[in-house]
Amino acid sequence: MAKLYFRYGTVGSAKTLNLLAVAHNYQQQNKKVFLIKPKLDIRFGEDDVRSRAGLNRKADLLVDSDSIINYGILDQVNCVVVDEVQFLSKALIDQFRYIATVMRIPVICYGLRTDFRGELFDGSKRLFEIADTIEEVKTTCNFCDKKAIFNLKIVDGQPCLTGPIVELGAEEKYLPTCAGCYRNKLEGQYF
Ligand SMILES: [Zn+2]
């Protein structure tokens, strides 16, 4: 078998940069990398995976949260990488487990641990349950020097605990925030 990896972090923790660097390293060795991402991540255009640091690469496969992967497309692939994995379903994460265990292709997933309310995403929950290797991609709080663990949602400049969970590319923004600053910014909306 090969391993299923989950590398999680908050917004702004260079997960996509890390993913693109992994893909680049495989390609330098003439190995084939297959990049999967959810359809609904439209921040930078349909099939582009682009880091804020400037690197980018086309996705090989766009999936809905509950897509079924045709395993034949992974023939000759040396590594599968997945961006924004938090948006995928338990069923899709289980397919990644199959790809690693049975097809013996390592699958490296990158994504957020929790939404702006501090609750696990479905895809992330399943990865915490069944990944071989779980690694935190760390970043610092937007407001102080502590490690960020929350994604604070800002709408029209105001910290916010309401609205849809999934609204990438909308007017909201999300800031990496430590527990203390998360609580302070939400001023009692949060415990
Ligand atoms: Zn802080």
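**Stop 1: helix α3**

Select residues 122–130, which make up helix α3 in this predicted model. Now colour its buried residues: Gly123, Ser124, Arg126, Leu127 and Ile130. Why do they sit on the same side of α3? They cover an arc of only 160 degrees around the axis, and that puts them together on one side.

**Stop 2: strand β2**

Next, pick β2 (33–38). Is this strand enclosed or open? Six of its six residues are buried, so β2 is largely enclosed by the rest of the structure.

Now bring in the partners of β2. Select β6 (79–82), which pairs with β2 in the parallel sense over four bridges. Then select β5, residues 61–63. This strand also pairs with β2 in the parallel sense, over three bridges. Here, click Ile36 and look for its bridge partner, Leu61.

**Stop 3**

As a rule, most residues other than glycine have a negative phi. Two residues in this chain are worth a click with that in mind. Start with Asn30, in the loop between α1 (15–28) and β2. Asn30 isn't a glycine, yet its phi is positive, about 55 degrees. Then go to Glu84, in the loop between β6 and α2. Glu84 isn't a glycine either, and has a positive phi of about 55 degrees.

Asn30 is exposed, with a relative accessible area of 74%. Glu84 is buried, with a relative accessible area of 8%.

**Stop 4: strands β9 and β11**

Select β9 (residues 150–155) and β11 (residues 173–177). How do these two strands run? They're antiparallel, and five bridges join them. For one of the meeting points, click Leu152 and find its bridge partner in β11, Leu175. Four of the five residues of β11 are buried, so this strand is largely enclosed by the rest of the structure.

**Stop 5: the cavity**

How many cavities of 30 Å³ or more are there? The count comes to one. About 60 Å³ of space lies in the largest cavity. To find the spot, select its lining: Tyr8, Gly9, Thr10, Arg113, Thr114, Glu136, Ala148, Ile149 and Asn151. Colour the lining by type and you'll get three nonpolar, four polar and two charged residues.

**Last stop: zoom out**

Finally, show the whole chain as a cartoon. There are four helices and eleven strands to find. Of the 191 residues, 48% are buried. And here's one for the contacts: among those between residues at least 6 apart in sequence, 75% join residues at least 24 apart.

Technical notes: Residues are numbered from 1 along each chain as its sequence is written. This is a predicted model: local features need pLDDT of at least 70, side-chain atom pairs count only at pLDDT 80 or more; totals for chains, interfaces and linings use all residues. Side-chain values use heavy atoms; hydrogens and water are left out. Buried means under 20% relative accessible area, exposed over 50%, partly exposed in between (1.4 Å probe, protein chains only). The arc is that of the directions from the helix axis to the C-beta atoms. On a 1 Å grid over the protein atoms alone, a cavity is a set of points where a 1.4 Å probe fits but cannot get out, and a pocket is an open set with protein on both sides within 12 Å along at least five of seven lines; lining residues have an atom within 4 Å of a point. Grid points are joined across faces, edges and corners, and a volume is the space filled by probe spheres set on the points. Ala, Val, Leu, Ile, Met, Phe, Trp, Tyr, Cys and Pro count as nonpolar, Asp, Glu, Lys and Arg as charged, and the others, Gly among them, as polar. Two strands pair if DSSP finds at least two bridges between them. Contact means heavy atoms within 4.5 Å.
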